[in-house]
Amino acid sequence: MQEQSFAYEIVNQEVHILRCYGISGRIIIPETLEGLPVTELSAYTFAEEIEEEPENKSGLSCICGTALEELYLPSTIQKLGRYLFYNCIYFVKLSFYSNISFIGAGAFTGCERLVYLEMHQREGISCLREILQDLKQAVLVTCLSSCILKEKQLIWCLVYPEFFEEAVENTPARIISTQTHGMGIQYRNAFHNTQVVFSEYDKLFEIGRYHIDLKNVIEMVTARLHYPYALEKDARENYAIWLQKHLKEATEYFLEQEKLEELKWMAEEFVETREEFDILLQSANKKADTEALSQLMSILHRRFSKRKKSFTL
């Protein structure tokens, strides 16, 4: 059974996607159609309403509006049209290549649940900052290598906290200005020439840890320590000290969110003493999470098992 189909037009030997159809909210855009590269998602492609609806010959449902959940773009995509994801309120994950050269106005309007960005790194100008500035909610960004000859590897993982904008009216002058609140905008400005400046990002933690939601701080700290790309010694120590002081809260959060990979990383690589390990065990036991307990006990026996005494005669 056909799982997805596309309505498109061919312009100058390039394919522009107009609509996507499928059996689920997970759409994978192909690199080529009819032997030609897919380079553009046209305006309103995933919006509920479009000015001129193309003919759907597939018999599949149109994946637009509330139906879109995940989208995976190929390296050939260069342009995202205006209001592309307008009011896609259940859109949660976007996978893309960093070399997208144009993003139309309002492309991410209404995408309030888009919290996972998976970026495949390419050399040159990156579109990451432009996307992040359109997303006011907290966002987790994972960056993967995109070398064709090598298996894709996770290079770094960063959390960008939320921010919000407020319209303020200056009554005497009858002027409305926009004020931005929250540490999220400062993190989104830790870029230079479209590239992340990791030292600036990490320095913000000195203030950010007091002004960011605890769950976002937990994810931020864990991500930087787990994937310490360009992480300087002082920043590493600051993150580690914070996590050691909040092991219980971090464990409870990862158990609640069923993020066992993060919990396993803390057990395998972060905690250094049996006392620290017991904090993880106690939290898993309190929640009666049998899967987490089983994995923790296996790690416990491997890391902290008592060695039998040996005697030499």
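Trainee: How much accessible surface does the protein chain have, and what share belongs to carbon and sulfur atoms?
Mentor: About 17800 Å², with 47% of that belonging to carbon and sulfur atoms; the area comes from the Shrake-Rupley method with a 1.4 Å probe. Keep in mind that this is a predicted model, where local features need pLDDT of at least 70, side-chain atom pairs count only at pLDDT 80 or more, and totals for chains, interfaces and linings use all residues. Residues are numbered from 1 along each chain as its sequence is written, and side-chain values use heavy atoms, leaving out hydrogens and water.

Trainee: Thanks! What percentage of the residues is buried?
Mentor: Of the 313 residues in the protein chain, 44% are buried, meaning under 20% relative accessible area with a 1.4 Å probe, protein chains only.

Trainee: On to the fold, then. How many helices and strands are there?
Mentor: The protein chain has 10 helices and 17 strands. These are DSSP runs numbered from the N terminus: helices are H or I with at least four residues, strands E with at least two.

Trainee: And what order do the strands take in the open sheet?
Mentor: Six strands line up as S3-S7-S9-S11-S12-S13, with mixed pairing; two strands pair if DSSP finds at least two bridges between them. Strand S3 (26–28) and strand S13 (154–160) are the edges, each pairing on one side only.

Trainee: In which sense do S3 and S7 pair?
Mentor: Parallel, over three bridges, with strand S7 covering residues 70–72.

Trainee: Which residue in S7 is opposite Ile28?
Mentor: That's Tyr72.

Trainee: Last one: what box do the C-alpha atoms fill?
Mentor: Roughly 85 × 65 × 40 Å, taken along the principal axes.

Terms used:
Buried means under 20% relative accessible area, exposed over 50%, partly exposed in between (1.4 Å probe, protein chains only).
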